[in-house]
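Here is a short briefing on a protein structure. Take a look at the model first, then read the points below.

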Amino acid sequence: MKTTTIKPAEEIRKGLFHTPFWLAPEKEIFTERALRFKELAQADKSEWNLYLTLLAAVCETQHAVMSRHELTLTQLEPGSTVLPEALAGRVPSEFFEVFGDILKEVNGKITATAAIEVSKLKALNQEQAEALAGRILTRTATDQDRSAEIWVQAALQVIWTAWAMQLTENHVPPTEDRTLCPCCGTEPVGSVVLIKGDLNGFRYMHCPLCNSRWNVLRAKCPTCGNAGNMRIQQIDEKSAPELAPVYQGANAESCKSCHSYRKLYRQDKQQYADPVADDLATLGLDIAVGEAGFDRAGANPFLLLG
Ligand SMILES: [Zn+2]
Ligand SMILES: [Zn+2]
């Protein structure tokens with residue numbers, strides 16, 4: 001008897017007009033992010049630009065460190081995510097080395113205040129550093145962990161991103177629920193509407209940990225999945241013309257069903273928008289949408305609250 005396997009719609013469309021569900025991290029993700037942080041820091045006339053400049057140094061360091069470590073993906077997860085799920089809190093065996101290398105590499109490139117924190121972290125032994133990483137992965141970090149967070153996050157991003165770069169589209173089949181990263185289960189930090197060829201106009205959610213992107217229909221809320229209740233808000237460029245280069249292309253997409261919002265960046269308006277970097281330069285948009293009664297969905301690993 002002949003049997004026919006029914007292929008998912010995404011696969012049938014391959015070749016003809018293929019909209020990939022999943023996009024691998026861009027090869028130069030950390031270098032590009034560093035450049036974007038520098039640009040955004042230059043445009044910011046407040047003291048906040050010091051933090052954006054620090055993050056540019058962090059991203060440059062991530063690039064250098066990633067190229068020096070093997071970080072081979074040995075096996076895929078049998079569960080609901082393709083890579084180890086972040087929230088499960090299992091600290092990768094490579095973490096301590098990558099973390100130490102980041103702290104060493106950044107030496108001399110940051111302010112004296114940041115360097116004090118870095119030298120404190122350098123003094124941690126493997127057990128202490130791994131316990132700290134575990135708390136950050138499981139979101140049980142304490143107030144004392146706060147200042148360590150960007151450094152730990154930077155190391156975790158290097159590892160998960162290197163893993164995600166070793167995947168192919170076939171490893172990441174389309175999922176029904178698209179509210180979390182299909183690779184590592186992290187909530188998206190924001191989304192981009194692409195301008196590349198066939199993908200022009202498609203919205204891809206961006207994972208702040210493994211830097212994967214996945215497609216979600218634009219009519220649907222990326223938090224609750226409800227369709228038809230989305231609204232878009234922007235900062236009026238005329239009210240702050242000096243910020244136009246930063247806010248151009250940045251939108252807050254809010255949902256009237258679950259009262260959450262997330263930022264969406266239109267590459268046709270701002271080609272170099274990066275959902276992690278641009279998020280931190282457009283906090284005025286968060287204030288405006290927050291005042292309108294919406295809560296932010298999806299954390300930025302470099303935005304330390306409280
Ligand atoms: Zn991810
Ligand atoms: Zn919603």
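The donor residues of the zinc ion (ligand 2) are spaced C-x2-C-x30-C-x2-C in sequence. Donors are N, O and S atoms within 2.8 Å of the metal (3.2 Å for Na, K and Ca); water is not among the atoms, so sites may look incomplete. This is a predicted model, in which local features need pLDDT of at least 70, side-chain atom pairs count only at pLDDT 80 or more, and totals for chains, interfaces and linings use all residues. Residues are numbered from 1 along each chain as its sequence is written, chains are lettered from A and ligands numbered from 1 in the order in which they are written, and side-chain values use heavy atoms, with hydrogens and water left out.

**Zinc ion (ligand 2)**

- C221, C224, C255 and C258 coordinate this ion through their SG atoms, at 2.3 Å.
- The arrangement is tetrahedral because the four donor atoms subtend angles of 104 to 112 degrees. Four donors count as tetrahedral if all angles lie between 85 and 135 degrees.
- C255 has a relative accessible area of 0%, so C255 is buried. Buried means under 20% relative accessible area, exposed over 50%, and partly exposed in between (1.4 Å probe, protein chains only).
- C258 is partly exposed, because its relative accessibility is 29%.

**Zinc ion (ligand 1)**

- Here the SG atoms of C181, C184, C207 and C210 coordinate the ion, at 2.3 Å.
- Along the chain, these donors follow the spacing C-x2-C-x22-C-x2-C.
- The donor atoms subtend angles of 97 to 122 degrees, so this arrangement is tetrahedral.
- C207 is buried, with a relative accessible area of 0%. C210 is buried, with a relative accessible area of 0%.

**The largest pocket**

- The largest pocket has a volume of about 700 Å³. A pocket is an open set of points on a 1 Å grid over the protein atoms alone, where a 1.4 Å probe fits, with protein on both sides within 12 Å along at least five of seven lines. The volume is the space filled by probe spheres set on the points.
- The pocket is lined by 27 residues, and R139, E149, Q153, A299 and N300 are the closest to its centre. Lining residues have an atom within 4 Å of a point.
- Two or more lining residues come from each of α6 (126–137), α7 (149–165) and α10 (283–291). Helices are DSSP runs (H or I, at least four residues), numbered from the N terminus.
- α7 gives the largest share of the lining, four residues.
- Domain 1 (23–165) and domain 2 (176–296) each give at least three residues to the lining. These bounds come from an automatic or database domain assignment.

Definitions and conventions:
Tetrahedral: all angles 85-135°; square planar, octahedral: opposite > 155°, others 65-115°.
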